[in-house]
Amino acid sequence: MMKEDVEYWRWQEYHRVFSNKQWKNKDIITAGVDVGSVGSKAAIMIDGEIYSWGIMRTGSNSPESAVKALNWALEDTGLRTSDLKYVVGTGYGRVNVPMANKAITEIACHAKGANYIWGPSVRTVLDVGGQDIKAIRIDETGRVASFLMNDKCAAGTGRGMEVFADLLKIPIEEIGKESLDIDAEPEPVSCTCVAFAKTEAMGLLRKGWSKEKVLAAYTRAMAVRMANLINRVGLERELVITGGQSKNIGIVTRIENILGIKTLPTPDWRGDGLDPMVAGAIGAALLGKALYEKAQKT
Amino acid sequence: MGTQSVKTLILKDGKVLARSKAFSGFEPSKAAEETLAKALAKAKLTKLDLDHVTATGSGMEMALVSDSTVSMMGADARAGVWLFPTGRTIIDVGAEEARAVKCDENGIMIDFVVNERCAAGAGAFIEAMARALEVKLEEMGPLSLKAERASPINASCVIFGESDVVTLIHRQESKPEIARAVFDAMADRVSSMLFRLGLTPEIVLVGGAAKDVGFVASLKRKIGVEVLIPEFPEFAGALGAALTAANRVR
């Protein structure tokens with residue numbers, strides 16, 4: 001099911017079909033397409049239950065990325081785009097999803113998706129995307145109560161992490177593990193600005209710091225920034241992390257240390273668990289189902 | 001003691017005798033000594049002739065040659081009003097920091113705002129974008145003046161700005177328009193800082209970025225008023241420190 005042969009150095013693009021599930025024509029089949037700045041995700045749901053998804057890098061053309069991601073989610077399912085009762089676009093490129101019946105902000109979609117993945121106990125969602133970070137308070141139904149967003153600055157975002165992966169020549173999927181491979185946690189870098197932090201990191205390397213130690217100092221600073229955003233929106237248990245950085249164990253561990261609480265664990269997405277990167281697309285498909293049903297009634 | 005370069009200036013009885021500048025490098029204290037030695041040689045003086053040495057800038061505590069220090073804001077205020085007696089708002093845009101200082105007719109600081117934690121809105125922004133554009137830093141300004149409009153780029157962050165510039169290059173947008181966008185973006189950041197402080201005329205612009213015609217044009221367009229620029233804008237901090245030193249001798 002996972003395409004092991006398609007490996008990219010940044011992160012793995014893959015698709016998944018839960019083939020134990022069957023769809024019938026009378027089912028309400030909906031899709032969510034989340035076009036992020038770095039990744040495009042699409043999820044297909046049957047009567048509000050996850051059926052398949054696809055994740056790939058966003059290209060320079062948003063509409064094309066949306067179509068590709070959706071087609072990948074549809075692959076091996078026997079479904080065609082015309083079988084979809086309702087499609088919701090979300091994410092940074094949500095207005096550029098050609099087949100969408102509606103566009104909904106990624107805040108509402110991540111809230112709904114987190115509620116689906118982890119259940120009704122979730123109250124705080126940290127979504128770390130490619131170019132922004134959001135802290136979202138939600139109720140037991142996955143509805144947004146309030147949120148805070150940082151979208152003008154690369155500090156703490158996936159893009160900022162890519163810059164450091166490049167600088168230290170460590171594959172992005174390993175930076176979390178590597179950042180924990182240290183004897184003692186160093187002081188965080190003093191600059192949160194990624195441009196300045198890069199200069200600072202080069203100085204630390206010259207001073208003889210190991211790559212892992214420099215990465216730890218940077219990851220720590222970014223985790224502090226994320227924890228601050230969570231504290232400002234108001235931390236209430238349970239806390240979960242969505243988006244690409246939910247897979248960065250260095251970030252997750254440090255956020256837990258700083259806040260003094262455990263997050264609900266990231267599901268085993270390489271096995272049969274749901275991928276927290278798809279939370280936005282899942283939420284979009286769920287909201288799509290509700291919108292479809294509402295339209296049928298009237 | 002700037003983040004990128006160290007500037008030394010010698011003042012005698014209210015007249016500038018000499019200026020000297022060097023890269024801060026890894027040992028700013030050494031750069032400070034070197035520039036002081038050079039300035040002294042130009043002025044045909046020795047260290048013993050100096051009554052008082054005051055240091056300023058983000059690395060001021062590394063200037064071992066100094067007798068005292070003065071805040072960057074205090075130095076800017078003093079220098080701005082000394083250079084232009086009608087100046088009441090002094091904007092200082094350096095390599096990694098930017099600030100705006102409101103002051104009275106005596107060059108005493110009343111209020112200030114700073115940007116010191118973010119590379120957007122400081123000279124580092126232009127440098128990074130020039131690299132992405134593959135244009136020499138000093139060519140950015142003249143290039144931007146050839147543009148009729150600005151290309152859209154993410155104004156708020158060097159990292160996002162860099163990716164935007166690369167995308168624009170791939171789309172074969174013209175370089176002057178991208179360069180103009182870079183300066184507009186930076187002027188946006190600086191002017192938003194300025195609007196927080198309030199625009200009290202006249203406006204004096206100092207710091208290394210004041211030498212960049214592209215940035216000056218964008219800033220003027222943005223704030224809609226004339227700005228006064230001294231002949232050696234990057235020495236304003238050093239001048240302010242020297243003026244402070246003169247006060248401390250008396």
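**The sheet and its helix**

Modeller: In this predicted model, helix α8 (residues 279–297) of chain A lies across β2, β3 (39–46), β4 (49–57), β5 and β6 of chain A, running at about 140 degrees to β2(A). Helices (H or I, at least four residues) and strands (E, at least two) are DSSP runs, numbered from the N terminus; axes are lines fitted to C-alpha atoms, for helices over the stretch in contact, with angles from 0 to 180 degrees between N-to-C directions, and two residues are in contact if their C-beta atoms, placed from the backbone, lie within 7 Å. The sheet is open, with 6 strands in the order β1-β4-β3-β2-β5-β6 (chain A) and mixed pairing, where two strands pair if DSSP finds at least two bridges between them. Because β1 (14–17) and β6 (102–103) of chain A are at the edges, each with a single partner strand, one side of each has no neighbour in the sheet. Strand β2 (residues 29–35) of chain A runs parallel to β5 (residues 86–90) of chain A, joined to it by 5 bridges, and A:Asp34 has A:Thr90 in β5(A) as its bridge partner.

As for the whole, chain A has 8 helices and 10 strands, and its C-alpha trace spans about 65 × 40 × 30 Å along its principal axes. Of the contacts in chain A with a separation of 6 or more, 70% are between residues 24 or more positions apart.

Residues are numbered from 1 along each chain as its sequence is written, and chains are lettered from A in the order in which they are written. Local features need pLDDT of at least 70, side-chain atom pairs count only at pLDDT 80 or more, and totals for chains, interfaces and linings use all residues.
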